[in-house]
Amino acid sequence: MNKFSLIIILLSLAFSTFSYAQTPQFPIVKGFGGIYEIPEATERPDPDGTYKIIIDLVSAAESPGTVNRMVDNIARMVNLHGIAGVSKDNIKVKVAIHGGAVFSALNNDFYKKLYGIENPNLPVFEALKESGVVEFYVCGQSLIARDMLTTDVWEGAEIALSMLTTLTKYVPQGYMLMRF
């Protein structure tokens, strides 16, 4: 094999590899929850379907300085529906935040008081809220159990009596329950 043929083969392999390298997409939640189109996927959400989802968010961040992976996963889930062609009008997500996840939904003042830094989750929460698809409910019982006040919570969330009552309200209304 001559050098020219070898170069052509190597360039062909390089270009085929680059064709699989993709840039993350953010079809509904801008800047967070980056996902990738998989053109070969045959199992996809129905773009004409209506999706009502309630997320039981109990997982805490790995450390105070990092975004809670499960908060970003909410953005990923919404964006995956968007890349499949589901309209923002056809997806409704409610997030019931409780347990250790309440630390992810604290306002910057209280977060700084606890950890000395701003809450890294708030930009993700803001982007989710701005998408017009996601609503947040923080469990009042979880706050009290941690000696927190409702005023310690990010202003974009509503305070719920409890996560339990939030779930019992929305599941009978046809919301599918997911636990993150």
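This is a predicted model: local features need pLDDT of at least 70, side-chain atom pairs count only at pLDDT 80 or more; totals for chains, interfaces and linings use all residues.

Student: Okay, so is Asp56 buried or exposed?
Tutor: Asp56 has 5% relative accessibility, so Asp56 counts as buried.

Student: Which residue forms a salt bridge with Asp56?
Tutor: That's Arg179, with the closest N and O atoms 3.6 Å apart. Arg179 sits in strand S5 (residues 176–179) and Asp56 in strand S1 (residues 51–57), so this pair ties together parts that are 123 residues apart in sequence.

Student: And is Arg179 buried or exposed?
Tutor: Arg179 is exposed, because its relative accessible area is 58%.

Student: Why would two side chains pair like that?
Tutor: In general, side chains of opposite charge can pair when their charged atoms come close.

Student: How many salt bridges are there in the whole structure?
Tutor: A search finds five. Among them is one between Glu62 and Arg69, at 3.8 Å from N to O. Glu62 and Arg69 are both exposed. Lys112 and Glu118 also meet in a salt bridge, at 3.4 Å. Lys112 is partly exposed at 38% relative accessibility, and Glu118 is partly exposed at 48%.

Student: Switching topic: how far apart are the end C-alpha atoms of helix H2?
Tutor: They're 20 Å apart. At 1.5 Å a residue, the 15 residues of H2 (residues 69–83) should span 21 Å, so the two values agree.

Student: What's at the start of H2?
Tutor: There, a side-chain oxygen of Asn68 comes to within 2.9 Å of the backbone nitrogen of Met70.

Student: Which residues of H2 are buried?
Tutor: The list includes Met70, Val71, Ile74, Ala75, Met77 and Val78. The buried residues of H2 pack against S1, strand S2 (91–97), helix H4 (122–130), strand S3 (134–139) and S5.

Student: And what follows H2?
Tutor: Gly85 does, with a positive phi near 100 degrees.

Student: Which residue other than glycine has a positive phi, then?
Tutor: Asp147 is one, with phi near 55 degrees.

Student: What makes that worth a look?
Tutor: Most residues other than glycine have a negative phi.

Student: Where does Asp147 lie?
Tutor: Asp147 is in the loop between helix H5 (140–145) and strand S4 (158–160). Its relative accessibility is 70%, so Asp147 counts as exposed.

Notes. Residues are numbered from 1 along each chain as its sequence is written. Side-chain values use heavy atoms; hydrogens and water are left out. Helices (H or I, at least four residues) and strands (E, at least two) are DSSP runs, numbered from the N terminus. Buried means under 20% relative accessible area, exposed over 50%, partly exposed in between (1.4 Å probe, protein chains only). A salt bridge is a side-chain nitrogen of Lys or Arg within 4 Å of a carboxyl oxygen of Asp or Glu. The expected span of a helix is 1.5 Å times one less than its number of residues. Contact means heavy atoms within 4.5 Å. A polar contact is a pair of N or O atoms within 3.5 Å; within protein, one must be able to donate a hydrogen and the other to accept it, and residues adjacent in sequence count only if both atoms are side-chain atoms.
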